[in-house]
Structure formats: structure tokens, C-alpha cells
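Dear colleague,

Please find below the structure that I am handing over to you. My notes on it follow directly after.

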Amino acid sequence: MEEWGSPQFVAEQFQRWYAQNSHTIPAPVEIESREFGFLTFHGRNMYRHIKLPTQAELQRYLRQNAPAHSYYSSSYYEDPTAEMARKGWRGADLVFDLDADHFDLPCQREHDKWVCRNCGKQGTGHPPELCECGKAQFQTETWLCERCLQAAKHETQKLLDILIQDFGVHQEELTTNFSGNRGFHVHVHSDTVKTLDQHARREIVDYIMATGLEAEYQGFSQRNKGAKPALAEGGWRGRTTRALYDYLSVVTEERLKEIKVSPKAVQAIMGERPKILRLLMERHPSNVTPTIDPKSLQLIVDDAAKLQAAEIDTVVTTDIHRLIRLPNTLHGKTGWQVQTVPYGELPDYDPLSSAVTIRGPSVKVEFREAPRMRIGDVWFGPYSEENAELPLEAALFYLCKKGARLA
Ligand SMILES: [Zn+2]
Ligand SMILES: [Zn+2]
């Protein structure tokens with residue numbers, strides 16, 4: 001009986017793809033200073049501390065090994081092959097990871113599952129921090145859907161806006177990559193960011209996530225009365241005002257009560273919504289402070305700012321020794337390509353069409369449980385303990401996710 005996921009078959013598809021396409025995979029900037037790491041379809045060990053000093057050597061490696069997962073360091077090293085402490089760190093690109101794994105989305109309760117390895121308890125969505133049995137060892141099964149991908153795209157767009165508008169990053173210093181699974185990676189490569197240490201990167205993370213944003217210092221203070229409107233201002237000052245405007249336009253009474261806004265402020269917002277919005281639009285934001293008390297205003301600003309902040313994985317950005325997926329290679333958990341999305345094309349980018357680059361004639365597979373999925377323009381599934389014949393591009397996805405095996 002075939003193993004779930006039929007890794008041998010998937011590996012052969014990757015080999016065929018790399019034989020035909022490895023010549024199209026470009027070298028990262030300063031390839032000679034990068035560390036490479038790879039995972040195979042068999043075994044869990046990562047082959048790392050690898051140096052591939054030229055594009056030709058990188059392409060030959062990919063052709064010969066057809067890895068399940070390919071990574072390279074965001075860092076530049078004197079000697080990428082040395083052990084970590086002896087590598088000689090010379091700098092690193094600034095990298096952001098926006099992955100639906102880190103979001104809390106309603107759809108995840110429909111398509112993600114977890115099982116406790118210790119007591120066998122099961123659930124849907126994200127696993128809890130600790131199981132009822134006291135252990136935190138979970139086996140998870142994560143799928144993805146268009147809503148996950150849309151959410152990841154939305155967060156990525158917010159990040160790009162902040163990087164360009166607030167940090168003055170130039171479009172040509174930015175690369176946006178579809179991760180090949182549930183998210184996007186944004187790389188900033190410039191001499192300005194290269195030598196930033198972990199603390200500096202932490203500051204950038206806090207800024208982007210609006211951590212510790214205080215309403216009082218964003219213009220919402222009695223002291224500023226009479227100053228100019230802030231809606232069009234740069235940085236978080238303008239963004240907070242815009243966030244508050246968008247938020248107060250749609251927020252419900254239930255939500256305000258949920259975040260513990262004072263009853264008086266809830267009443268004012270519900271009763272005088274048009275007036276408050278007009279104030280935010282036409283006058284300085286401090287003009288809302290007589291209507292909404294400072295404590296409630298802080299709660300509202302926190303909740304509103306979350307909608308404008310980008311949900312980045314903080315560890316990825318602050319870790320300056322990180323390995324990150326190599327663009328244009330294949331992702332072993334989907335069979336899809338890690339793709340660079342040109343600036344401005346993100347809103348229309350459809351990974352479920354563009355990143356599905358291994359295609360072919362039908363394959364017979366046996367399913368355990370697998371959700372419905374669109375590949376290109378065609379919908380497949382859901383499947384439950386049944387056999388089906390699918391075009392290679394769909395079969396490969398379900399095999400990579402281990403929801404099926406060759407029949
Ligand atoms: Zn348990
Ligand atoms: Zn989803």
C-alpha cells in the first residue's frame with residue numbers, strides 16, 4: 001500500500017519540473033555570500049550551510065537534487081559554509097513573512113484540524129497553547145482557501161504601503177514573493193537596512209504592528225485643540241485618524257461594548273456618529289476628545305489601528321540568521337511555485353492559477369479527507385474516503401498536502 005502523500009511520485013514530478021525549468025531560476029543578489037538549505041522528500045533533516053557561489057551551480061544543484069523545499073539566507077556571510085558562530089555576518093536583507101498561519105480567520109475552523117499527540121483530543125482551527133491534558137504536542141493538518149490567500153494579500157499590501165510611505169523604501173528595493181503555500185514574503189534589499197541589528201529590526205516590527213501606539217501622542221489630546229486636521233498626515237498620525245474614521249463608520253454597539261468602551265462613549269458614538277466622523281474629517285482629531293473619554297478613545301484606537309497595522313511574523317523579521325524560501329523554486333507542501341509578484345500586480349495576482357506550474361494528464365488517487373479547492377478555473381472536492389481521477393495539477397496538490405495517495 002502506498003504511503004499517504006505518495007512522496008516518491010511527488011519527488012518524480014519535482015525532478016521532471018526542475019530538469020526542464022531550473023535554468024529559469026535566478027541567483028539571489030550576492031549569491032556567493034549566501035547560505036543555502038534544502039529539505040528532501042525523504043527524511044526530516046535539513047541540508048544546510050551550503051554555498052553555491054554561482055547561478056550555474058545553484059541551477060545544477062536544483063536539477064540534480066530536485067528538493068522538496070529550498071531556502072537561502074537573508075544574511076550575507078564571509079563564509080556561508082562555516083558553523084553559525086564562525087560564519088562572519090556581514091548584514092542581512094530586511095525580510096517580512098505574512099502567513100495565514102499567524103492570522104486568526106474564521107475559515108481556518110472549516111479547513112484546519114489538530115490532534116493532541118498525548119491524549120488524542122481533537123479540534124478545528126489553531127491548536128490551543130496547552131491541551132486540557134497539560135501537554136503542547138499537537139499534530140496539525142492545515143489547508144488553505146481563497147479567503148486565507150486574500151487575507152495574506154491584504155496584509156502584504158498594508159505592509160508595502162507602510163514601507164513605501166513611512167520608511168521611504170523605493171519600489172526597486174522591494175521584492176514580494178508568494179510563499180508557495182499560505183502567504184507572502186517581502187524582502188527589502190538596500191545598503192540602509194543591511195547592517196541593522198536585531199534591536200533595530202524589532203523597532204521596525206513594532207512600528208509596523210502599531211505596538212504601543214498611544215492615542216494621546218497621535219493628536220488625540222485636549223492640548224492640541226485648534227491644530228490642523230490630521231487625516232492626510234504621514235506616518236501613524238494620519239493613519240490613526242484614517243483608521244479611526246473607517247472604524248467609527250462601521251463599528252457596532254456590540255463591538256464597542258466587547259472592547260470595554262465606557263457606556264457614555266458608546267452612547268455618544270451611536271448617537272452622534274455623523275458628527276464625530278465630520279469632526280475627524282474636517283478638524284483636528286483632538287476635537288473628538290470631549291465626546292469620547294481618553295480611556296475609551298485609547299481602546300478604540302487600539303482596535304482600529306489593528307486594521308491598519310500589518311500582521312507580520314515578528315520572529316522572521318528580527319532573526320538575522322534566517323533561512324527563507326528561494327524564489328521560483330517549488331514548495332513541497334503544495335507542489336506550487338514560490339513566485340515573485342511584480343510591484344503593482346499584487347491585487348490581481350492569483351496564486352491558484354499562476355503558481356500551479358506542474359500540470360499534466362489525469363492520475364488516479366485515493367482520498368482520506370480533503371476539502372474543496374480551486375486549481376486554475378476548476379473546482380475539486382471535497383473528498384472523503386473515496387477514489388477519484390484528477391488532472392495532475394490537482395492530484396499533486398492533494399498528494400503534497402497528504403490528503404491522498406496514488407490509487
Ligand atoms: Zn492532550
Ligand atoms: Zn482559509
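Where in the chain is Glu385 placed? Glu385 sits in the loop between strand 18 and strand 19 (387-390); helices (H or I, at least four residues) and strands (E, at least two) are DSSP runs, numbered from the N terminus.

Please note that this is a predicted model, in which local features need pLDDT of at least 70 and side-chain atom pairs count only at pLDDT 80 or more, whereas totals for chains, interfaces and linings use all residues. Residues are numbered from 1 along each chain as its sequence is written, while chains are lettered from A and ligands numbered from 1 in the order in which they are written.

Overall picture

The protein contains 14 helices and 20 strands, and its C-alpha trace spans about 70 × 50 × 45 Å along the principal axes. Of its 407 residues, 37% count as buried. A residue is buried if 20 or more other C-beta atoms, placed from the backbone, lie within 10 Å of its own, exposed if 12 or fewer, and partly exposed in between. Among contacts between residues at least 6 apart in sequence, 68% join residues at least 24 apart; two residues are in contact if their C-beta atoms, placed from the backbone, lie within 7 Å.

Helix 7 (235-250) has 16 residues and should span 22 Å at 1.5 Å a residue; its end C-alpha atoms are 23 Å apart, which agrees. The expected span is 1.5 Å times one less than the number of residues. The buried residues of helix 7 are Trp236, Arg239, Thr240, Thr241, Ala243 and Leu244, and what covers them includes helix 10 and helix 11.

Helix 7 packs with helix 10 (residues 273-282) at an angle of about 165 degrees, the axes being 10 Å apart. Helix 7 is therefore roughly antiparallel to helix 10, since angles under 35 degrees count as roughly parallel, over 145 as roughly antiparallel, 65 to 115 as roughly perpendicular and the rest as oblique. Axes here are lines fitted to C-alpha atoms, for helices over the stretch in contact, and angles run from 0 to 180 degrees between N-to-C directions. In this pairing, Thr241, Leu244, Tyr245, Leu248 and Ser249 of helix 7 meet Arg273, Ile276, Leu277, Leu280 and Met281 of helix 10.

In helix 11 (residues 294-308), the residues Ser296, Leu297, Ile300, Val301, Ala304 and Ala305 are buried. They cover an arc of only 160 degrees around the axis, which puts them on the same side of helix 11; the arc is that of the directions from the helix axis to the C-beta atoms. Their cover includes helix 7 and helix 9 (263-271).

Individual residues

Most residues other than glycine have a negative phi, and most peptide bonds are trans. Glu385 has a positive phi, near 40 degrees, and counts as exposed because it has 8 C-beta neighbours inside 10 Å. Ser6, in the segment before helix 1 (7-21), also has a positive phi, near 35 degrees. With 23 C-beta neighbours inside 10 Å, Ser6 counts as buried.

A cis peptide bond, with omega about 0 degrees, joins Gly381 and Pro382. Pro382 lies in the loop between strand 17 (378-380) and strand 18 (383-384).

Glu173 is found in the loop between helix 4 (146-165) and strand 10 (174-178). Glu173 is partly exposed, with 18 other C-beta atoms within 10 Å. Leaving aside neighbours within four places in sequence, Glu173 is in contact with Val188, His189 and Ser190.

Yours sincerely
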